[in-house]
Amino acid sequence: MKRLILMGAGHAHLIALKQWITTPLDDVELVLVTPSRWQYYSGMIPGWIAGHYTIDQCRVDAEPVAKAAGAKLVLSSVVEILADDKKIRLADGDLLDYSWLSIDIGARTNLENLRGFTGSLLSIKPLGQFHQQWSRLNEASDGRVQHLVVVGGGAAGAELAMAMAHVGAGGAEADARVSLITGNQGLLPDFSQRLRKLTRRKLAKLDVDIVEERAEAAGRYLTLTNGTSLDPDLVMAVTGSEAFPFLATSGLAVDAQGFVLVNECHQSLSHPDVFAAGDACSRLDQAVKRSGVHAVRAAPVLADNLRAAIASGKLRAFQPRTNTLYLIACGDKVAVGSYGPFSFSGKWVWRLKDKIDRGFVDGFNGRSNDAGIRVGA
Ligand SMILES: Cc1cc2nc3c(=O)[nH]c(=O)nc-3n(C[C@H](O)[C@H](O)[C@H](O)COP(=O)(O)OP(=O)(O)OC[C@H]3O[C@@H](n4cnc5c(N)ncnc54)[C@H](O)[C@@H]3O)c2cc1C
């Protein structure tokens, strides 16, 4: 029997699996390969740090989803793709053949400027590893972290700095000072001036120092572009994404950064039997921001195209939206947000974010059928 391997339980694959619960794929063995049954939902992790959620509220259990969709779950990481031979290699060395492969493995934190740092360093991705490290740190916390430095001036860096400062104002890291090193492009370079202003105000309210310099590791110190040296107790890296290196040696066409190159149908440019979605890929026809929103929106098209590929049918294109809603949690139950040219802030923005985020996770962990998955939600 022919085999479709889903590599990674990222957003697009979870939604595709959910779609196939009600409309199963015919004549194909479906296999999901992912290192853990837990798929963490990044948008809620700052809320977990801030104490608004338990970790189970922030993650999807991929096991019942795979089971309900008739997929075999293999808990392992893929370490190599041999695209010309239609095989993948798992962490234990086993090789798996595929007829079709779909890649939704996200990306890893780009640690380029922080390599060689000898002090305590946490990186936000993989989220499962970050969850364990942050939990351990909080269990062991005895005030040793006096100065926490978040490196990364994007939305995720700002959110994490505010969540951590919020906890520092009365939680496990009490009295810790939080600095946010944004890089030379400053805070939220991809967002409007008004959103930057709103976020800056929230950071200031939480006493987060904003340092608009680039940081580089120098032993246990961080050297900034202005020549200053910092000696933090803990560095949190939220320094953007980089492609997993094994993609570049897979034989698949990749872009200059090593992300899988796909066409508008999310099909590999070099290997028509391979598809990719989410942060792991780059579109040839247009630049699409690496964000969960686009991964989610691409999912139904990916699901249909995988079905079409199996049936030798016609593929359809995914058109990413020009404007998307971005919501940034500000530690307390307040958020700022933007949609196209509009920016806003307030408790209602947090409530909206909370509703959207919970809606996504609960749609998989709900109790509406035997598998616990809210089909069609
Ligand atoms: C703190 C934070 C907050 C964010 N908030 C938002 C937000 O509010 N809105 C938004 O749109 N974006 C947000 N993002 C960005 C968002 O996390 C990513 O764009 C999104 O997760 C990409 O989804 P994905 O499906 O491509 O991959 P991921 O969600 O990263 O999923 C990848 C999956 O692949 C698995 N995997 C990894 N390597 C392998 C391997 N070798 N073999 C098999 N499986 C593998 C992983 O375990 C995981 O299950 C945030 C990011 C961060 C860090």
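This is a predicted model: local features need pLDDT of at least 70, side-chain atom pairs count only at pLDDT 80 or more; totals for chains, interfaces and linings use all residues.
Let's start with the ligand. There are 28 residues around it, and Q39, S42, D104, D279 and V293 come nearest. Let's take the polar pairs one at a time. What about D104? An N or O atom in the side chain of D104 sits 2.8 Å from an oxygen atom of the ligand. With the next two residues, the backbone is involved. For G292, a backbone N or O atom is 2.9 Å from an oxygen atom of the ligand. For S291, a polar backbone atom and an oxygen atom of the ligand are 3.5 Å apart.

Helix α7 covers residues 292-310, and helix α1 covers residues 11-22. The two pack at an angle of about 45°, and their axes are 7 Å apart. That angle makes α1 oblique to α7. Is their crossing left-handed or right-handed? The crossing of α1 and α7 is right-handed. Now for the residues that touch. On the α1 side we find H11, A12, H13, I15, A16, Q19 and W20. On the α7 side the list includes G292, A295, V296, W20's partner helix also giving A299, P300 and L302. Sorted by class, the contact of α1 with α7 has eleven nonpolar residues, four polar and two charged.

Helix α1 has another partner, helix α8, which is residues 347-365. Their axes come within 11 Å and cross at roughly 45°. The pair α1 and α8 is therefore oblique too. This time the crossing is left-handed. From α1, the residues H11, L14, I15 and K18 meet F360, G363 and F364 of α8. That contact divides into four nonpolar, two polar and one charged.

Next, a pair elsewhere in the chain: helix α5, residues 155-168, and helix α6, residues 193-205. How are they arranged? They pack at an angle of about 25°, with axes 10 Å apart. Angles under 35 degrees count as roughly parallel, so α5 is roughly parallel to α6. The crossing of α5 with α6 is left-handed. Here A158, A161 and M162 of α5 meet T199, K202 and L203 of α6. By class, we have four nonpolar residues, one polar and one charged.

Finally, two spots in the backbone. As background, most residues other than glycine have a negative phi, and most peptide bonds are trans. Now look at K86, in the loop between β6 (78-82) and β7 (87-90). The phi of K86 is positive, near 55°, and this residue is not a glycine. Then go to P126, in the loop between β11 (121-123) and α4 (127-139). What kind of peptide bond joins K125 and P126? The bond is cis, with omega about 0°.

Key: Residues are numbered from 1 along each chain as its sequence is written. Side-chain values use heavy atoms; hydrogens and water are left out. Axes are lines fitted to C-alpha atoms, for helices over the stretch in contact, and angles run from 0 to 180 degrees between N-to-C directions. Helices (H or I, at least four residues) and strands (E, at least two) are DSSP runs, numbered from the N terminus. Angles under 35 degrees count as roughly parallel, over 145 as roughly antiparallel, 65 to 115 as roughly perpendicular and the rest as oblique. A crossing is left-handed if the near helix is turned anticlockwise from the far one by less than a right angle, and right-handed if clockwise. Contact means heavy atoms within 4.5 Å. Ala, Val, Leu, Ile, Met, Phe, Trp, Tyr, Cys and Pro count as nonpolar, Asp, Glu, Lys and Arg as charged, and the others, Gly among them, as polar. A residue is near a molecule or strand if one of its heavy atoms lies within 4 Å of it. A polar contact is a pair of N or O atoms within 3.5 Å; within protein, one must be able to donate a hydrogen and the other to accept it, and residues adjacent in sequence count only if both atoms are side-chain atoms.
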